[in-house]
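Student: I would like to learn how to read the features of a structure. Please show it and take me through them.

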Amino acid sequence: MAAKKEKSVEETFQELEEIICKLESGESSLEESFKYYEAGMKLVKSCNEKIDKVEKQIIVLEEDGENHEL
């Protein structure tokens, strides 16, 4: 079984945009809207985790740069 490729932040934002458009259209049933909302919240969580990871990497790089200047 092939490993599932992780989506980039840009791909995740695009998918979120599509979900938002579906929700804003008002054409979905309540059940469909809830499924879209749930999927969107999972994508938001995924984005937050990716952004947190990058922020931590930046902090490490900045701290490493400060140590080299001493």
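Student: In which helix does leucine 23 lie?

Tutor: Helices (H or I, at least four residues) and strands (E, at least two) are DSSP runs, numbered from the N terminus. Leucine 23 lies in helix H1, residues 9–25. Residues are numbered from 1 along each chain as its sequence is written. This is a predicted model, in which local features need pLDDT of at least 70 and side-chain atom pairs count only at pLDDT 80 or more, while totals for chains, interfaces and linings use all residues; side-chain values use heavy atoms, with hydrogens and water left out.

Student: How many helices and strands does the protein chain have?

Tutor: The secondary structure comes to 2 helices and 0 strands. Helix H2 covers residues 30–69, and glutamate 62 lies in it.

Student: How do I read burial, and is leucine 23 buried or partly exposed?

Tutor: Buried means under 20% relative accessible area, exposed means over 50%, and partly exposed is in between (1.4 Å probe, protein chains only). Leucine 23 has a relative accessible area of 33%, so it is partly exposed. Over the protein chain, buried residues make up 11% of the 70 residues.

Student: Which residues form the nonpolar patch on the surface?

Tutor: Patches are made of residues with over 30% relative accessible area and no salt bridge; like charges are joined within 9 Å, and nonpolar side chains (Val, Leu, Ile, Met, Phe, Trp, Tyr) within 5 Å. Here the nonpolar patch consists of Leu23, Phe34, Tyr37, Met41 and Val44, which together have about 470 Å² of accessible area. H2 gives the most to this patch, with 4 residues.

Student: Which residues form the negative surface patch?

Tutor: For charges, Lys and Arg count as positive and Asp and Glu as negative; His and the chain ends are not counted. The place of a charge is taken as NZ of Lys, CZ of Arg, CG of Asp or CD of Glu. The negative patch is formed by Glu62, Glu63, Asp64 and Glu66.

Student: How many salt bridges does the structure hold?

Tutor: Side chains of opposite charge can pair when their charged atoms come close. A salt bridge is a side-chain nitrogen of Lys or Arg within 4 Å of a carboxyl oxygen of Asp or Glu. The structure holds 1 salt bridge. In it, the side chains of lysine 7 and glutamate 15 meet at 2.3 Å, N to O. Lysine 7 sits in the segment before H1. Lysine 7 is partly exposed because its relative accessible area is 35%, and glutamate 15 is partly exposed at 28%.

Student: How many disulfides does the structure hold?

Tutor: A disulfide is a pair of cysteine sulfur atoms within 2.5 Å. The structure holds 0 disulfides. Cysteine 21 is partly exposed at 42% relative accessibility, whereas cysteine 47 is buried at 3%.

Student: Is glycine 40 buried or exposed?

Tutor: Glycine 40 is in helix H2 and is buried, with a relative accessible area of 7%. From glycine 40 to threonine 12 the C-alpha distance is 9.4 Å, across 28 residues of sequence. Isoleucine 19, in helix H1, is buried at 9% relative accessibility.

Technical notes. Accessible areas come from the Shrake-Rupley method with a 1.4 Å probe; for residues, only the protein chains shown count as cover.
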